[in-house]
Amino acid sequence: MIEFHSVSKQYPDGTLAVREVSLQVPPRQTTVLVGSSGSGKTTLLRMVNRMVDPSAGRVTIDGDDVAGTDAVKLRRGIGYVMQNSGLLPHRTVAANIATVPLLRGWKRHDARERALELMDTVGLDRSLADRYPGQLSGGQQQRVGVARGLAVDPNILLMDEPFGAVDPLVRRELQEELLRLQRELGKTVLFVTHDIDEAFLLGDRVVILREGGEIVQIGTPAEILASPADGFVADFVGADRGRRALHVQEVDGRSLVVDADGRPAGVLAR
Amino acid sequence: MNLIADGFAWLTDPANWTGAGSIPERLVEHLLVSLLILLIAGLIALPVGFTIGHTGRGKGLAVAVTGGMRAIPTLGLLTLAALWLGIGLAAPILALVVLAIPPLLAGAYSGLESVDRRVLDAAKGVGMTGLQRFTGVELPLSAPIVIGGIRSAALQIIATATLAAYTSDFGLGRFLFRGLKTNDYAEAFGAAVLVIALALLVDGLFALAQRFSVPVGVRVARSGEPTRSAADRATGRTTTNV
Ligand SMILES: Nc1ncnc2c1ncn2[C@@H]1O[C@H](COP(=O)(O)OP(=O)(O)O)[C@@H](O)[C@H]1O
Ligand SMILES: [Mg+2]
């Protein structure tokens, strides 16, 4: 379990990005941080792998303060997927996926085998293994990014708007793929997005943030939809109401999110 | 016209191609000392430039220092150094090292600076150490620019090393100064042609190195043409991008 113990972050230029946030991220579930741009989501996420060190407070993983760990080792043990895939343009797809195994000293052959397996896992044709990132579409690059994040079979997967830069159709596909993956793998996923629909689709638990990382509401998508904590949340989740008012409907014991036209928009995981 | 003909006559005179102080000897001398100067300047400038580019700190200072160094007239510095260090190679080496440092430094830090911050951030995020990011990401991606710096330094050294003969018995400049002194313009002209040819040759070699240092992945991305992988060719299948 990842725990934030009243963490704050003030950047050198004085920006107070996160103010005294406490949050628990339960294991083997997807927790989504959602909020508008600048609300401190990325800052919070990056505290987990020490890409950002809190100015105050602690982040613990299974009770251990991350500040006491070796940052490089910590990062090699945590999957990290970002918006612009962050792939190394001069390395092939397989080499990119195998980055961390190779850093950890795996044999080339084993690392490549692992990379090929992961390409299957994330739905990439193996024939792309020797291509370079610049030869792939945005959606394919994101799949490579996810595969790289999974390369050492980490318990924790950090995903920072991983599907934010691809077109809506492909995004939809990638979201479905992630849901499938998560059903199979059961990682502790901390997922950041500014898209409330994405948050409701992917999150077992959704954390709605306001400026300064202030937590406005935590709950399952159904709980938040059913009873928004305040006007801010109601506004936020209802931002699209005019287009497609979402509501939850029980079908065969599953929670279905249905839009105003009665078309299912997704299934709630629990 | 006569000068040109005489110059080429000098260049092709077999007598000038053998023995002590012959063209090949001076050519090799010129090249080796240029290389030595490039090495010294590189050992000073590249580590500093890489450190600045890697850490992002000290760039203002570097810009100021290189700007200042660029403003130093090389001939003046050479004369001063010769007065201080005496006749010999030390003075021209010092002057030319000063000349070569700015382009080397600029190539090194601007090369590293040109690497996409997001790529570097990701490399750090997956657990690469500072050194691993330098050797595995920054160097390969900045190589063309860094080599460009070395290229312009080499070119300046080779051209300006001609001046070294002003204070020492060295290099192709020897023919030039002797020719000028003895009014043997054919020799001076022939020497000038040799310097130019050498500079062009070295420049060409560096241009090639620069071209080949562009990582394959960057080159194919730039060309925008997805090359079909071996597997695709084998199965006669093209992969459509999602
Ligand atoms: N490195 C930084 N230096 C200064 N300010 C920053 C830095 N990173 C983020 N910020 C600021 O901190 C706030 C929160 O940023 P961020 O965590 O990136 O938010 P989000 O991911 O929700 O968009 C913003 O106001 C942003 O401008
Ligand atoms: Mg962000």
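**Domain layout, sheets and helix packing in the predicted model**

In chain A, the C-alpha centres of domain 1 and domain 2 lie 25 Å apart. The structure is a predicted model. The domain assignment places domain 1 of chain A at residues 2–237 and domain 2 of chain A at residues 240–270.

Chain A contains an open sheet of six strands with mixed pairing, in the order 6-7-8-3-9-10. Strand 6 (78–82) and strand 10 (214–219) of chain A are the edge strands, each pairing on one side only. From one strand to the next, the twist averages 15°. Helix 6 of chain A, residues 138–150, packs on this sheet and touches strand 6 and strand 7 (156–160) of chain A. The direction of helix 6 makes about 165° with that of strand 6 of chain A.

Both parallel and antiparallel pairs occur around strand 9 of chain A. Strand 3 (residues 30–34) and strand 9 (residues 205–210) of chain A run parallel and are joined by four bridges. In this pair, A:Val206 of strand 9 is the residue opposite A:Val32. Strand 9 of chain A is also joined to strand 10 of chain A by five bridges, and these two strands run antiparallel. A:Arg210 has A:Glu214 in strand 10 of chain A as its bridge partner. Strands 9 and 10 of chain A form a hairpin, with three residues between them. Within the turn, A:Gly212 has a positive phi of about 80°.

A further open sheet of chain A has four strands in the order 2-1-4-5, with antiparallel pairing. Its edge strands are strand 2 (16–25) and strand 5 (64–65) of chain A, each of which pairs on one side only. Strand 4 of chain A, residues 56–61, runs antiparallel to strand 5 of chain A, and two bridges join them. Opposite A:Thr60 stands A:Asp65 in strand 5 of chain A. Helix 1 (residues 41–48) of chain A packs on the sheet, where it touches strand 1 (2–10), strand 2 and strand 4 of chain A. The angle between the directions of helix 1 and strand 1 of chain A is about 125°.

For chain B, an unreviewed UniProt entry carries the annotation "domain: ABC transmembrane type-1" over residues 31–206. This span of chain B is 82% helix and 0% strand, with its end C-alpha atoms 14 Å apart. UniProt (unreviewed entry) lists residues 31–53, 74–101, 141–167 and 188–209 of chain B under "transmembrane region". Of these, residues 31–53 of chain B are 100% helix and 0% strand, and their end C-alpha atoms are separated by 30 Å. Residues 74–101 of chain B are 86% helix and 0% strand, and the corresponding end-to-end C-alpha distance is 13 Å.

Helix 5 (residues 90–113) of chain B packs against helix 2 (residues 23–55) of chain B at an angle of about 35°, with the axes 7 Å apart. The crossing of helix 2 and helix 5 of chain B is right-handed. Their contact has 22 nonpolar, four polar and no charged residues.

Helix 5 of chain B also meets helix 4 (residues 74–85) of chain B, the axes coming within 8 Å and crossing at roughly 145°. This crossing, too, is right-handed. Helix 4 of chain B contributes B:Thr74, B:Leu77, B:Leu78, B:Ala81, B:Ala82, B:Trp84 and B:Leu85 to the contact. The residues from helix 5 of chain B are B:Ala90, B:Ala91, B:Pro92, B:Leu94, B:Ala95, B:Leu96, B:Val98 and B:Leu99. By class, the contact between helices 4 and 5 of chain B has 14 nonpolar residues, one polar residue and no charged residues.

How values were computed: Residues numbered from 1 in each chain as written. Chains lettered and ligands numbered in written order. Predicted model: local features only at pLDDT ≥ 70, side-chain atom pairs only at ≥ 80, totals over all residues. Heavy atoms only, no water. Pairing = 2+ DSSP bridges. Contact = heavy atoms within 4.5 Å. Axes fitted to C-alpha atoms, helices over the stretch in contact; angles between N-to-C directions. Domains from an automatic or database assignment. UniProt positions renumbered as here; feature names shortened; annotations may be inferred. Left-handed = near helix turned anticlockwise from the far one by under 90°. Nonpolar A, V, L, I, M, F, W, Y, C, P; charged D, E, K, R; others polar.
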